[in-house]
Amino acid sequence: MAVAPVPLWAVCLLRVALATVYFQEEFLDGERWRNRWVQSTNDSQFGHFRLSSGKFYGHKEKDKGLQTTQNGRFYAISARFKPFSNKGKTLVVQYTVKHEQKMDCGGGYVKIFPADVDQKNLNGKSQYYIMFGPDICGFDFKKVHVILHFKNQYHSNKKSIRCKVDGFTHLYALVLRPDLTYEVKIDGQSIESGDIEYDWNLTSLKKMEKSSAESKDWDQAKDDKSQDWEKHFLDASASKPSDWNSELDGDWQAPMLQKPRYQDGLKPEGIDKDVWLHQKLKNTHYLTEYDLSEFENIGAIGLELWQVRSGTIFDNFLITDDEEYAENFGKATWGETKGPEREMDAIQAKEEVKKAREEDEEELLMGKFGGHDKVFQRFHRRDEF
């Protein structure tokens, strides 16, 4: 019996149904974004955001996002969503950023916060789970931050991941998987990947965790020694008396002896080395406590950064557990407008060159006429004398 082929659109719909989208923001409803995003009032000098698609774009409405508007300012704004845990799940954080002003020094990264973050007082000291995205300052510092919060400390990826530095919109994506692997993508292309444990210099921390766990096991083993020492045991040196009658006296059993009270360092006679099975058993639970990329109470996303020159546009935010959904979302948003955006920029560049050339020609002509007038005036004055 032949099986009917499943339409591609049905497969795509099924994939969407299986994906969990925790947060998605495209700013397609005009100024209603202000009902979802909270501007921090922690500092009266914080810069403000506006909704804009910039000076050039692929689609005037679809490319609208949060744009920084004031030079030399800190910015702090966030949006809340239903709290969730990524324990045992893949976590994808994705968004687009456009440094239209050709960034000289400033951040373009996002932060993922716990659900209990104080949005009104959001600032540089607010605890976050993840910090991800580009940061540029001068000619030397042009990197993608990937910072994870673990054991009350922030840990940075030790690899140098270079960010985009032009004025176009770029798609940034971070994937954290439950097998403790990760991947960083820019414009849909994987630019870095590896093992979280090693690429975040966490092996030393892991050894400390393991050592601490094994130390606890050893302490427990010593307690067990003390308890076991108090127990009775059979006198192995005893033997059945020669006049013992099993039919009359029953089965013979060796007498029970009482161990002396336990003293640390005291070993039974006849044993050169006190070997305990407890010491040989390794703790197998420290890895389950070593949640390098698992966060129990994710509940907000925000922009908390500094910019010398404003104009950056943030758009197409997405937090999901499905890598394929994130990829398709990126194609449907950034993928659709990246080409037209570059075309519009090229047209504007040609128009600017043409305008500049016309202005130069006009100045040149004005200079020539201005020169003749001055010569005429000089000769006219001479004639007057």
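Guide: What follows is a set of questions about labels, each answered with a value and a cut-off. Keep in mind that this is a predicted model.

Visitor: What makes up the protein chain in terms of helices and strands?

Guide: The chain holds eight helices and 18 strands. Of its 385 residues, 39% count as buried. The chain exposes about 23,500 Å². Carbon and sulfur atoms supply 52% of that area.

Visitor: What share of the contacts joins residues at least 24 apart?

Guide: The share is 71%, taken among contacts between residues at least 6 apart in sequence.

Visitor: How do you know that C105 and C137 form a disulfide?

Guide: The cut-off is a pair of cysteine sulfur atoms within 2.5 Å. The sulfur atoms of C105 and C137 are 2.1 Å apart. That value is within the limit, so the pair is called a disulfide. A search of the whole structure finds one disulfide. The pair links distant parts of the chain: C105 sits in strand β7 (residues 105-107) and C137 in strand β9, 32 residues apart.

Visitor: Are C105 and C137 buried or partly exposed, and what decides the label?

Guide: Buried means under 20% relative accessible area, exposed means over 50%, and partly exposed lies in between. C105 has 18%, so C105 is buried. C137 has 36%, so C137 counts as partly exposed. Another cysteine, C163, has a relative accessible area of 5% and is therefore buried.

Visitor: Which residues carry the feature "binding site"?

Guide: UniProt places that feature at Y109, K111, Y128, D135 and E304, in an unreviewed entry. Such annotations may be inferred rather than shown by experiment.

Visitor: What makes Y128 buried or exposed?

Guide: Y128 has a relative accessible area of 7%. The cut-off for buried is under 20%, so Y128 is buried. Y128 has its place in the loop between β8 (110-114) and β9 (130-137). Leaving aside neighbours within four places in sequence, Y128 is in contact with residues including K111, F113, H149 and Y154.

Visitor: And E304: buried or exposed?

Guide: Its relative accessibility is 9%, under the 20% limit, so E304 counts as buried. E304 is found in strand β17 (residues 298-307). Beyond neighbours within four places in sequence, E304 is in contact with Y75, A76, Y109, K111, N123 and G124.

Visitor: How do you know that the side chains of E304 and K111 make a polar contact?

Guide: The distance is 2.6 Å. The limit for a pair of N or O atoms is 3.5 Å, with one able to donate a hydrogen and the other to accept it. The pair is within that limit, so the label holds.

Visitor: Why are β3 and β4 said to pair?

Guide: Two strands pair if there are at least two bridges between them. Four bridges join β3 (residues 49-52) to β4 (residues 65-68), so these strands pair. They run antiparallel. L51 stands opposite L66 in β4.

Visitor: How many bridges does β4 have with β18?

Guide: Two, in the antiparallel sense. At least two are needed, so β4 and β18 (residues 312-320) also pair. The bridge partner of Q67 is I313 in β18.

Visitor: What is the arrangement of β10 and β11?

Guide: They form a hairpin with two residues between them. The two strands pair in the antiparallel sense over four bridges. F150 has Q153 in β11 as its bridge partner. In the turn, K151 has a positive phi of about 55°.

Visitor: What is the phi of N316, and is N316 buried or exposed?

Guide: N316 has a positive phi of about 55° and is not a glycine. N316 lies in strand β18. Its relative accessible area is 5%, under 20%, so N316 is buried.

Technical notes. Residues numbered from 1 in each chain as written. Predicted model: local features only at pLDDT ≥ 70, side-chain atom pairs only at ≥ 80, totals over all residues. Heavy atoms only, no water. Buried < 20%, exposed > 50% of the residue type's maximum accessible area, 1.4 Å probe, protein only. Contact = heavy atoms within 4.5 Å. Areas by Shrake-Rupley, 256 points an atom, 1.4 Å probe, with all protein chains shown as cover.
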